[in-house]
Amino acid sequence: MKKSFNYLTLAVLLLLTCFSAFAQDEIEFKEYSYSEFFQLIEDEKDSLFILKNARIEFDSLTDMAHAYITKAKGQDGDSINYKFWREENIHIEKAIELENVFFGSFGSYGLHHLIFEKKVSFLNTEFNILFCEFKEKPRFLYNEDFEKVQLSINGRNYTGLIRILSSNFHNSFALTDLSSNESPTNLSVIIGFNKIHLKPTRVIGNTNYLSFMWLSKNTYSRFFNNTFLNSGEVKISPNKGTDFYLEKNNFGDASVEITVNAGNVIPNLVIEENNFNKPVGLKIGEITTTNKIGWNQFQKGFYDSFTYLNYYTPRFFSTHDGQALNDLILSDSIQTQYLENVRVSESNIYKREVQLLGRLNALYKSQHDPEFANSSYIALKDLETKRLAYLYKTNPSFTPFFKWKVNQFLKVFSDYGTEPAKAITFSTYVILVFALVYLFFPNHWDSHGKNRIMDRYRFFAKYMKKDSGIHEVYLDEKREEMMAAEDFRAYMLKSKQEIPGFFMATALPLYRWSVAGTKSFSWLLSKVDVLKGTWSSTEDSKKAGKSVLIIGAFVIALLYDLFIKMLNALMLSINTFTTLGFGEIPIKGLPRYLAIIQGFIGWFMLTIFSVSLISQLLN
């Protein structure tokens, strides 16, 4: 019996030892209210406040100073209205280190209107930050234990949310460098409406630049509506498996580098509506059709950052230290030199830059976005045109010269085939210019030619000298046409008895139709005749009024003549441009040879228009 008791005692002791061992692995969380949390900071006598394994929960009796009301207008904190119970700032004079600290009740209570005078470090900490100011760079770190501690704490689940809104960051901050290879999952990072002060240079070793390198897998990260107040360097590099959104940020004069490494498939990569005042360094090795990269935000241009750094770093490394090296490489003059000269003259660099543009162009085509696809294609062809110009200048020959000029021609007249309407616009200009030339030279299509206006002067002079109506002068001018018609009528009447009646029945209406226009206009002129005699016999008191009427009629007739003359010149130009032709070129002198040149231009431009139109229809 005693022996069995000893065995039972030993078993109990072993069991208690095992429970004790397991209990040591469990994390015990202390619970504080917001007021108690800030009181702990204030009571800390050291300059560093450290808190581990704690949960900060709201107490309505003591914590109203840390409460706020939100009214969302958009998604994920976009355009939110806030109402705070306390709007004055609280200054935190101590350095802060928080590990496994969870601030509950997101969206109603949180850390707001705080000024952290010293460094702050968050390790596996879940929080909500609003309208705070960081005088030194805060650290946000997560390790493999984060997933374990955040799943269930005293029966309550946490999703791993970091939300930093409308705060003021001095000297930048970094969300980087997970402390192990085992990345946390389901981590959501929302950063928006912040004012960020960047130091103008990157200090190697101290990481004194803004760096968002989300290494977590299966996370959601959104960086939006932030403003960078000065120059500096920003590095952004989401990892595969993450959803990453970079939207509506004003980067000001900051140098921005965005990296998506080869093999890193980003399910939802969104880079849209950002304002970059400097060329952007892009390293995009993997693009899927679900990615969205807005083209219009790159007004200042972009370049392959990997190629850019590999080209300049060896050239300046021996003569500049780390800080000066980055100052030089990221300077406006070096970036301009690279964009305008280096990527054009260096064959391998040119190919890599073309590949980057080609990947973006392929993305827009796969998304059926003709606007961005055309814009990126134009940028690609512009770079090719610069390369052809360089090749011709370094090794002059007909082939690169021809390709260069053809590219220039295609850019001017159709944006490399992406804009058929532009070809039509320039074709219209060509037609009008040549029509202006033809206007001052006689052609067979204009029966009066250059004498048209002189004949009009002669007509009105005869009218004012002759003691007859204006309609009689008009009929006198049309005498030859009328005589031909009268001769035809007289001949048919003379032959009346010798030919069948059918011919007379049809010939007389034909005669009336041929003279109807002339007689009708003559009748109209007789009704509006104002002179009634010669100009010299007109009473002086009536000359002023009749002068106005006669000059008005003359101007109307002159404008009609000019219109007909311009119309003839325009029709001749259109006919020549479209290379229709009716046999002999209906013009003499120098314009005859210009017509041949216009015909060649028309053939070329209409071909460009046809190809451009077909290309756009197929796309």
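Which residue in β11 does I115 stand opposite? The views below, taken from a predicted model, start with that spot.

**View 1. Where β8 meets β11.** The residue facing I115 is E133 in β11. Strand β8 covers residues 114-116 and β11 covers residues 133-134. These two strands run parallel, and two bridges join them.

**View 2. The six-stranded open sheet.** Step back from that pair and you get the order β5-β8-β11-β14-β17-β20, with parallel pairing. At the edges stand β5 (90-92) and β20 (227-228); each has a single partner strand, so one side of each is left without a neighbour in the sheet. As a reminder, strands of a sheet pair through backbone hydrogen bonds, either parallel or antiparallel.

**View 3. K45 in its loop.** Look for K45 in the loop that links α2 (34-43) with β2 (48-57). K45 counts as exposed because its relative accessibility is 84%, and the cut-off for exposed is over 50%. K94 sits 49 residues away from K45 along the chain, yet their C-alpha atoms are separated by 9.4 Å.

**View 4. The largest pocket.** This one has a volume of about 900 Å³. Its lining is made up of 27 residues, and R456, F459, Y474, F521 and A557 are the ones nearest the centre. By type, the lining splits into 17 nonpolar residues, nine charged and one polar.

**View 5. Helices around the largest pocket.** Four helices, α11 (452-465), α12 (470-477), α14 (501-527) and α15 (540-577), each put at least two residues into the lining. The top contributor is α15, which gives eight residues.

Notes. Residues numbered from 1 in each chain as written. Predicted model: local features only at pLDDT ≥ 70, side-chain atom pairs only at ≥ 80, totals over all residues. Heavy atoms only, no water. 1 Å grid on protein atoms, 1.4 Å probe; cavity = no way out; pocket = protein on both sides within 12 Å on 5 of 7 lines; lining within 4 Å. Points joined across faces, edges and corners; volume = space filled by probe spheres on them. Nonpolar A, V, L, I, M, F, W, Y, C, P; charged D, E, K, R; others polar. Buried < 20%, exposed > 50% of the residue type's maximum accessible area, 1.4 Å probe, protein only. Pairing = 2+ DSSP bridges.
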